[in-house]
Structures are given as C-alpha cells and as structure tokens.
Amino acid sequence: MTAQEFKQERQRLALTIKAMAERIGVSEQAIWYYETGKRKVPQPVALLLKSQQLYDKLLAEKERGA
C-alpha cells in the first residue's frame with residue numbers, strides 16, 4: 001500500500017489522523033509518516049485496511065441488491 005493509498009483510505013473512512021491512529025493502534029506521528037511516505041505502511045496495517053475496503057464493498061452490494 002502506497003502512502004497515497006493509505007491517505008485516501010483514511011479519507012474514505014472519514015477519519016481524522018487521531019481517529020485512524022486509535023483505530024489501528026499506532027501513534028498519530030506514525031500515521032503522518034505513512035501518509036508522507038517517510039515510513040512504509042506495515043503489511044498488517046495494509047491488510048487490515050484492504051479487508052475493510054472489501055467488507056464495505058460487499059456491504060454496499062448487498063444493500064443495493066436488497
């Protein structure tokens with residue numbers, strides 16, 4: 001997951017940096033590092049966010065079909 005993808009996902013979830021940090025269990029500074037590319041997004045964090053994207057997509061499809 002790139003820095004840009006990470007930031008876009010945080011924005012898609014409508015989370016502040018603080019809220020994102022709390023959600024994934026890291027510091028606000030870590031979020032800043034991920035979003036600016038100063039640190040790579042750890043694989044477990046990327047997997048967590050990608051699974052959230054998939055869940056949200058499936059939920060939206062289910063709601064459209066209901």
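This report walks through a predicted model of a single chain, from its overall layout down to a few residues.

**The overall layout**

Start with the big picture. The chain has 4 helices and 0 strands, so reading from the N terminus you get α-α-α-α. Its C-alpha trace spans about 45 × 20 × 15 Å along the principal axes. Of the 66 residues in the chain, 27% are buried. If you take the contacts with a separation of 6 or more, residues 24 or more positions apart account for 54% of them.

Two packed helices are described by the angle between their axes and the distance between the axes. Here are both pairings side by side.

| Helix pair | Axes come within | Crossing angle | Residue classes in the contact |
|---|---|---|---|
| H1 and H3 | 6 Å | roughly 125° | 4 nonpolar, 1 polar, 3 charged |
| H2 and H3 | 8 Å | roughly 105° | 5 nonpolar, no polar, 3 charged |

Take H1 and H3, whose axes cross at roughly 125°. That angle makes H1 oblique to H3. On the H1 side, the contact is made by Ala3, Phe6, Lys7 and Arg10, and H3 brings Ile31, Tyr34, Glu35 and Thr36.

Now for H2 (residues 17-24) and H3 (residues 28-36), which cross at roughly 105°. Angles of 65 to 115 degrees count as roughly perpendicular, and that is how H2 lies to H3. In this contact, Ile17, Lys18, Met20, Ala21 and Ile24 of H2 meet Glu28, Ile31 and Glu35 of H3.

**The core**

Which residues touch the most other members of the largest nonpolar core? They are Phe6, Met20 and Ile31, out of 13 residues in that core. The elements that give two or more residues to this core are H2, H3 and helix H4 (43-65).

Ile31 is worth a click in your viewer. Setting aside residues up to four places away in sequence, Ile31 touches Phe6, Arg10, Ile17, Met20, Ala21, Ile24 and Val26. Ile31 also turns up in the contact of H3 with H1 and in the contact of H3 with H2.

**An aromatic pair between H1 and H3**

The chain has 2 aromatic pairs. One of them is formed by Phe6 and Tyr34, with 5.4 Å centre to centre and 80° between the planes, which is an edge-to-face arrangement. This pair links distant parts of the chain, with Phe6 in helix H1 (residues 3-12) and Tyr34 in helix H3, 28 residues apart. Both Phe6 and Tyr34 are buried.

**A buried glutamate**

Is Glu35 buried or exposed? Glu35 counts as buried because its relative accessibility is 14%, and the cut-off for buried is under 20%. Glu35 is in helix H3. Leaving aside neighbours within four places in sequence, Glu35 is in contact with Ala3, Phe6, Lys7, Arg10 and Ile17. Glu35 takes part in the contact of H3 with H1 and in the contact of H3 with H2.

**Around the loops and the outside**

Another glycine, Gly25, is in the loop between H2 and H3. Gly25 is exposed because its relative accessible area is 62%, where exposed means over 50%. From Gly25 to Val45 is 9.6 Å, C-alpha to C-alpha, and these two residues are 20 residues apart in sequence.

Back in helix H1, have a look at Gln8. Gln8 counts as partly exposed because its relative accessibility is 43%. The C-alpha atoms of Gln8 and Pro42 are separated by 16 Å, and these residues are 34 residues apart along the chain.

H1 is oblique to H3, while H2 is roughly perpendicular to H3. Phe6 and Ile31 are among the residues that touch the most other members of the largest nonpolar core, and Ile31 counts Phe6 among its contacts.

Technical notes. Residues are numbered from 1 along each chain as its sequence is written. This is a predicted model: local features need pLDDT of at least 70, side-chain atom pairs count only at pLDDT 80 or more; totals for chains, interfaces and linings use all residues. Side-chain values use heavy atoms; hydrogens and water are left out. Axes are lines fitted to C-alpha atoms, for helices over the stretch in contact, and angles run from 0 to 180 degrees between N-to-C directions. Angles under 35 degrees count as roughly parallel, over 145 as roughly antiparallel, 65 to 115 as roughly perpendicular and the rest as oblique. Contact means heavy atoms within 4.5 Å. Ala, Val, Leu, Ile, Met, Phe, Trp, Tyr, Cys and Pro count as nonpolar, Asp, Glu, Lys and Arg as charged, and the others, Gly among them, as polar. A nonpolar core is a set of buried Ala, Val, Leu, Ile, Met, Phe, Trp, Tyr and Cys residues joined through side-chain atoms within 4.5 Å. Buried means under 20% relative accessible area, exposed over 50%, partly exposed in between (1.4 Å probe, protein chains only). Rings of Phe, Tyr and Trp (its six-membered ring) pair if their centres lie within 6.5 Å; planes under 30 degrees apart count as stacked, over 60 as edge-to-face and the rest as tilted.
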